[in-house]
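I opened the notebook to look up how this chain is put together. The entries follow in the order I made them.

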Amino acid sequence: MTPAVLLVLLGLVDAAFSGFRAYAGSDARIRKQRATARAALRGLTVGAVLLLAPTLTAGLLLLTAHDPARTYHALTAGGIGFLLPLTVYALVVLLLLAAYFALPFRAGTLAVVIGLGPLTLLRPLAVAAACLGAVLNGGGGYALLVGATAGAAVLCVEPAVHRRWYRHVR
């Protein structure tokens, strides 16, 4: 099984959350569901465009490889290794989001403050762990190149959305 589909879906969900984070706190209105949805869609759009970079990188590696089957195997192994740390990270985030929505207001807010806030700051470390996982799982240099490109792409979504649409808020 190729992990590419799961990685793309995880990247797109992360991009939507990045769009939301770029917008979060920039609007004092109480009812802001429409603006929140628009911010998530902006993040999703920017993320989809930026995720073309690792897709094209992997495609070029496969097209120019002397042994495409071996390169495909390395990229698949690297993709699985990349996916494992990100899956753990995503599960922790989902548990904290579930706590936020399921618990009473104060406990849910505490889950966000002590959980999601620090996890947002740890995203670059999660991407670095994923790149390391791609290499350690047998992906080698090809998987590291594609993983680093994908990691850079997802980490650039939030700053790009913030700079394009929400820079007026300090």
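Is Tyr166 buried or exposed? I looked it up: Tyr166 is buried, with a relative accessible area of 5%. Buried stands for under 20% relative accessible area, exposed for over 50%, and partly exposed for what lies in between, with a 1.4 Å probe and protein chains only.

Ground rules next. I am working on a predicted model, where local features need pLDDT of at least 70, side-chain atom pairs count only at pLDDT 80 or more, and totals for chains, interfaces and linings use all residues. Residues are numbered from 1 along each chain as its sequence is written, and side-chain values use heavy atoms, with hydrogens and water left out.

**Entry: the whole chain.** I found six helices and zero strands in the protein chain. From the N terminus on, the order is α-α-α-α-α-α. Helices (H or I, at least four residues) and strands (E, at least two) are DSSP runs, numbered from the N terminus. The C-alpha atoms fill a box of roughly 60 × 30 × 25 Å along the principal axes. Of the 170 residues, 36% count as buried. I also checked contacts, meaning heavy atoms within 4.5 Å. Among those with a separation of 6 or more, 75% link residues 24 or more positions apart.

**Entry: aromatic pairs.** I searched the whole structure and got two aromatic pairs. Rings of Phe, Tyr and Trp (its six-membered ring) pair if their centres lie within 6.5 Å; planes under 30 degrees apart are stacked, over 60 edge-to-face, and the rest tilted. Tyr23 and Tyr166 have ring centres 5.4 Å apart and planes at 55°, so I logged the pair as tilted. Tyr23 lies in helix α1 and Tyr166 in the segment after α6, so the pair ties together parts 143 residues apart in sequence. Tyr23 is buried too, at 4% relative accessibility. Tyr100 and Phe101 make an edge-to-face pair, 5.0 Å centre to centre with 70° between the planes. Tyr100 is partly exposed at 38%, and Phe101 is exposed at 66%.

**Entry: α1 on α6.** I took helix α1 (residues 4-23) against helix α6 (residues 123-165): the angle is about 30° and the axes are 8 Å apart. That makes α1 roughly parallel to α6. Axes are lines fitted to C-alpha atoms, for helices over the stretch in contact, and angles run from 0 to 180 degrees between N-to-C directions. Under 35 degrees counts as roughly parallel, over 145 as roughly antiparallel, 65 to 115 as roughly perpendicular, and the rest as oblique. On the α1 side the contact includes Gly11, Asp14 and Ala15, and on the α6 side it includes Val154, Val157 and Glu158. The contact residues divide into five nonpolar, four polar and four charged. Ala, Val, Leu, Ile, Met, Phe, Trp, Tyr, Cys and Pro count as nonpolar, Asp, Glu, Lys and Arg as charged, and the others, Gly among them, as polar.

**Entry: α3 on α6.** Helix α3 (residues 52-64) and α6 have axes that come within 8 Å and cross at roughly 165°. That makes α3 roughly antiparallel to α6. Ala53, Pro54, Thr57, Ala58 and Leu61 in α3 meet Tyr142, Leu145, Val146, Thr149, Ala150 and Ala153 in α6. I counted nine nonpolar, two polar and no charged residues here.

**Entry: Leu7.** Leu7 sits in helix α1. Which residues does Leu7 contact, leaving aside neighbours within four places in sequence? I found Gly79, Phe82 and Leu83. The C-alpha atoms of Leu7 and Leu83 are 6.6 Å apart, across 76 residues of chain.
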